[in-house]
Amino acid sequence: MTTASFEFSATPALMNASLVQRLHAHRERLFGAGLINLFRQDSQRFGRFSARAAGLLMDYSKNHLDANALADLMELARVAGLADAIQALFDGQPVNHTEGRMALHTALRLRDEELPPAVADAVLDTRRRLFAAVARIQSGEWKGYTGKRIDTIVNIGVGGSDLGPNMAVDALQSFHTGSLRFLFVSNVDPSHISRALRVCDPETTLFIVASKTFTTLETLANAQAARDWFVQRAGSESAVALHFAAVSVNVTATSRFGITPENVFPMWDWVGGRYSLWSSIGMSIALALGEDGFREFLDGARELDQHFRTAPFEQNLPVIMALLGVWHVNFVGCQSQAVICYDQNLAQFPAYLQQLDMESNGKGVQRNGQPVEWKTGAVLWGGVGTNTQHSFHQLLHQGTLIVPVDFIVGVRSQTPVAEQQADLYANCLAQSQALMQGRCLAEVQQEMQAKGVDSAQIGRVAPHRVIAGNKPSTTLVYETLTPRILGALIALYEHKVFVQSVIWNINPFDQWGVELGKQLSGEITSILKAGSTDPRLDGSTQGLIDFFNVS
C-alpha cells in the first residue's frame, strides 16, 4: 500500500466529444427501436446482457443497450482512467483528495492474514477487542449494575453510524445468534430517544454511542438524554461504565462521559461514515450475528471486492451498474433512480442507499475545482414490493418521467410460508415485464371487446388504459438473503458509486454540503437558546426564530 498521489484522467471522459456524440446517437436509435423489438431481434439477449458474481445475478437486458452502445459505455470508463482509479482505491492512495485521505474501507473486509501492514495492527487489535466484547455480551458475562445480563442494545448515531447498522441488523434477523433486542436512535427530535427509552430497562440496557469525534450534535444530545435517564434510575454515576460503550477516537471526551477506555472502539479517518458499517460502527451487527456471522458478512463484501478488482469491465457488475446510471443520467435525461426490494428484510435498504449514493455523488465541482458541465447523481428512492405496487408504481408505468428501476429479489425466503415466495417472485418479474412491454391501444380495445364492453365505452376509456412501456429496469437476484449475500450487495452499490464518481470526475468521499448545514445549525441553535436576534440573518430565518421564541 502506498500514499503516493494519484491523478485521475486530466480530460474528463464526458468531455470526449466524439464518444459523447456516439452515445447520444445510440440513445436515439435504441429508444426508437423499443425494448420489445431488441428482444425480438436477439433470442440470446438475456445471456448477452446479464452477469454473475458473489452469489448475485444481474439481468440488465431490459435496458436500452446493444453491443455497440455497451462498447462505447465501456470506452467511456476506459477514457476516464477507471482501471487506474480502482487500483488507487484498493492501494490506499489518497483518492479523497479534498481531505487528503485514503478511502480504505475495503481493507476492513479482508481476512486477518490479508490485511496490509499499514493498517493491520490497528484493525486486528480492534477486531480482537470488539469480538471479545461481543462474546461477553452474548454469553451474559457482561452484566449490568444489578448483576443482570444485557438484553437490549440501543445504538445512538446518525447518518452512517445509524443507517448501515440499522439496515443490516433488520435485514438479517433470521441469522441473529442470541436473544438481544436492538433499538436505533438517530434523530435529534426528542421523540426518537423518548420512544426508545420508554421500552428500556436501565438494569439490562447497553447504549452504544457511535460518533467518530464524539462531537456530533444529534448523537451527543441523544447520548446525554440516555445518560441522564439512566443515572436518574440507577442512582449512580459509576454505573454508567457498565451500560455505555462508544465508537470514537476521542477517548478524552468518552472518558468525561463516563465510558471506560476498554469499552471505546476506534474508527479511523480513512473510513468514511457511509462506508463504516464494516468497522466498529458495525458493533450492533456483530452483536446480532456473532463473530462468525459478522465475518461471513465481511466475506461477502470481500468476494465482491475481488470481482470488482479483477473482472473485465464487460463482466464487472459494479462497472456495468455504474455505466447504466451514467447512461440514464447523462444520455437518457433521467433525474431519479428507483430501488424496489422484493424482500421485506431489505425494507431499509433504499434509505441506506440514499446516503451512500446521494451524499457521495451529489457534487457540482470537478476534482480540479472547476464546475461540472454535466449532470451528476440522481435522486434515489424506493421501497418494498409488493407494497410499492399499490403506491408509486402507477407513476412508473404511466407517468411522463422515465425512472430506471433496480428490482432486487431472492429465489428463496429466509422464512418460507407455503408458496408465497413464488407469488412474490412472480410479482417482481411481472413489474419489470410490464415496464418493458406496456400495452398498446389496439390490445386494450381488443381486451375490452372480448369482455363485451360497448364501442362507445371503449372509445372513452381505452386511451386511459394504454401503457407506453419501453421503460428500463435491472433485476438483481440471489438465492437467499444471508450475511454473505448482504455483504456482497452492499459492496456492489459502494463500487457502483465509486465508478460513477470517476466518470463524472468528482470526489465521492467528502460531504461539504453536510458540513455547512451543521455549522449554520450551531449558530441558529445558539440564537434560539438565548432568545435573541441577529441582524445578519435573512428575514425568513429571523421570522421563523421569532415564531419559535414567542410560541
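## Aromatic pairs

Rings of Phe, Tyr and Trp (its six-membered ring) are taken as a pair if their centres lie within 6.5 Å; planes under 30 degrees apart count as stacked, over 60 as edge-to-face and the rest as tilted. The structure is a predicted model, in which local features need pLDDT of at least 70 and side-chain atom pairs count only at pLDDT 80 or more, while totals for chains, interfaces and linings use all residues. Residues are numbered from 1 along each chain as its sequence is written, and side-chain values use heavy atoms, with hydrogens and water left out.

A search of the whole structure finds 19 aromatic pairs. In one of them, the ring centres of phenylalanine 207 and tryptophan 229 are 6.1 Å apart and the planes stand at 80°, so this pair is edge-to-face. Because phenylalanine 207 belongs to strand E5 (residues 205-210) and tryptophan 229 to helix H9 (residues 217-234), the pair ties together parts that are 22 residues apart in sequence. Helices (H or I, at least four residues) and strands (E, at least two) are DSSP runs, numbered from the N terminus. Phenylalanine 207 is buried, with a relative accessible area of 0%, and tryptophan 229 also counts as buried, at 10%; buried means under 20% relative accessible area, exposed over 50% and partly exposed in between (1.4 Å probe, protein chains only).

Phenylalanine 214 and phenylalanine 257 form an edge-to-face pair, with 5.7 Å from centre to centre and 80° between the planes. Phenylalanine 214 lies in the loop between E5 and H9 and phenylalanine 257 in helix H11 (residues 251-257), so the pair ties together parts 43 residues apart in sequence. Both residues are buried.

## Cluster and charges over rings

One aromatic cluster is formed by Tyr145, Phe207, Phe214, Trp229, Phe230, Phe244 and Phe257. Arginine 227 lies over the face of phenylalanine 257, at 5.5 Å from the ring centre. Arginine 45 lies over the face of phenylalanine 49, at 4.6 Å from the ring centre. A charge sits over a ring if NZ of Lys or CZ of Arg is within 6 Å of the ring centre and within 35 degrees of the ring normal.

## Proline 116

Proline 116 is placed in the loop between helix H5 (82-91) and helix H6 (117-139). Its relative accessible area is 16%, and proline 116 is buried. Proline 116 and glycine 92 are 24 residues apart in sequence and 9.5 Å apart in space, C-alpha to C-alpha.
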